[in-house]
Amino acid sequence: MLRGDFEDSRLMAALKVNNRFQQLEASDRYEDLLSKEKSQSQQEQFKDDQLREIIDNLAQKAIMNSQPLLAASYHLSLNDPESAVVKLLRANEILYALAICKIFELDSLFDTVAFQIAKRCERYSERNTG
């Protein structure tokens, strides 16, 4: 028995006892089930798109109000660390962007962030040495 199977079986037994579990009838066809699943997945996709649009608007407002960490946290709430890193880089919060790249193992953005840090170090050394 796999992990979690016992809890699932207890849940199914509880649902059967409370008459909340419905068995599929023989009259249901495979095509009907597929069409129901497609319509449900389209509705979920629509809800996800709406949520993403709302989060993008909130993040944009946070950036306009000089709150890049809040904007990044909005994107992280949707499990979108790439957008969070982009917002942090736009606001010149390079070390936070580096931390997110390390935590979420974003190799594609890590090079960009490392390059930004190298440029900042070079500018700092130029100012202090001559």
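This report describes the fold, core, surface and selected contacts of one protein model.

The model is predicted: local features need pLDDT of at least 70, side-chain atom pairs count only at pLDDT 80 or more, and totals for chains, interfaces and linings use all residues. Residues are numbered from 1 along each chain as its sequence is written, and side-chain values use heavy atoms, with hydrogens and water left out.

## Overall fold

The protein has six helices and zero strands. Its elements run α-α-α-α-α-α from the N terminus on. Helices here are DSSP runs of H or I with at least four residues, strands are runs of E with at least two, and both are numbered from the N terminus.

Of the 130 residues in the protein, 16% are buried. Buried means under 20% relative accessible area, exposed means over 50%, and partly exposed lies in between (1.4 Å probe, protein chains only). The accessible surface comes to about 10600 Å². Carbon and sulfur atoms hold 52% of that surface. Accessible areas come from the Shrake-Rupley method with a 1.4 Å probe, and for residues only the protein chains shown count as cover.

## The nonpolar core

The largest nonpolar core has 11 residues: Ala72, Ala84, Val85, Leu88, Ile94, Ala97, Ile100, Cys101, Leu106, Leu109 and Val113. The elements that give two or more residues to this core are α4 (81-90), α5 (94-104) and α6 (107-129). Helix α5 gives the most, with four residues. A nonpolar core is a set of buried Ala, Val, Leu, Ile, Met, Phe, Trp, Tyr and Cys residues joined through side-chain atoms within 4.5 Å.

Ala97 is one of the core residues. Leaving aside its neighbours within four places in sequence, Ala97 is in contact with Val85, Leu88, Leu89 and Val113.

## A nonpolar surface patch

Leu76, Ile103 and Phe104 make a nonpolar surface patch of about 270 Å². Patches are made of residues with over 30% relative accessible area and no salt bridge; like charges are joined within 9 Å, and nonpolar side chains (Val, Leu, Ile, Met, Phe, Trp, Tyr) within 5 Å. Ile103 lies in helix α5. Ile103 is exposed, with a relative accessible area of 63%.

## Aspartate 80 and the salt bridge

A search of the whole structure finds one salt bridge. Asp80 forms a salt bridge with Arg52, and the closest N and O atoms are 3.1 Å apart. Asp80 lies in the loop between α3 and α4 and Arg52 in helix α2 (residues 30-64), so the pair ties together parts that are 28 residues apart in sequence. A salt bridge is a side-chain nitrogen of Lys or Arg within 4 Å of a carboxyl oxygen of Asp or Glu.

Asp80 is buried, at 12% relative accessible area. Arg52 is partly exposed, at 34%. With neighbours within four places in sequence left aside, Asp80 is in contact with Arg52 and His75. The side chains of Asp80 and Ser83 are joined by a polar contact of 2.7 Å. A polar contact is a pair of N or O atoms within 3.5 Å; within protein, one must be able to donate a hydrogen and the other to accept it, and residues adjacent in sequence count only if both atoms are side-chain atoms.

Asn79 is found in the loop between α3 and α4. Asn92 is placed in the loop between α4 and α5. Each is a residue other than glycine with a positive phi.

| Residue | Phi | Relative accessible area |
|---|---|---|
| Asn79 | near 60 degrees | 59%, exposed |
| Asn92 | about 65 degrees | 45%, partly exposed |

Ala91 is also found in the loop between α4 and α5. Ala91 is partly exposed, with a relative accessible area of 30%. The C-alpha atoms of Ala91 and Gln67 are separated by 8.7 Å. These two residues are 24 residues apart along the chain.

Ser125 lies in helix α6. The side chain of Ser125 reaches the backbone oxygen of Glu122 at 2.9 Å. Ser125 is partly exposed, with a relative accessible area of 34%.

Conventions
Contact means heavy atoms within 4.5 Å.
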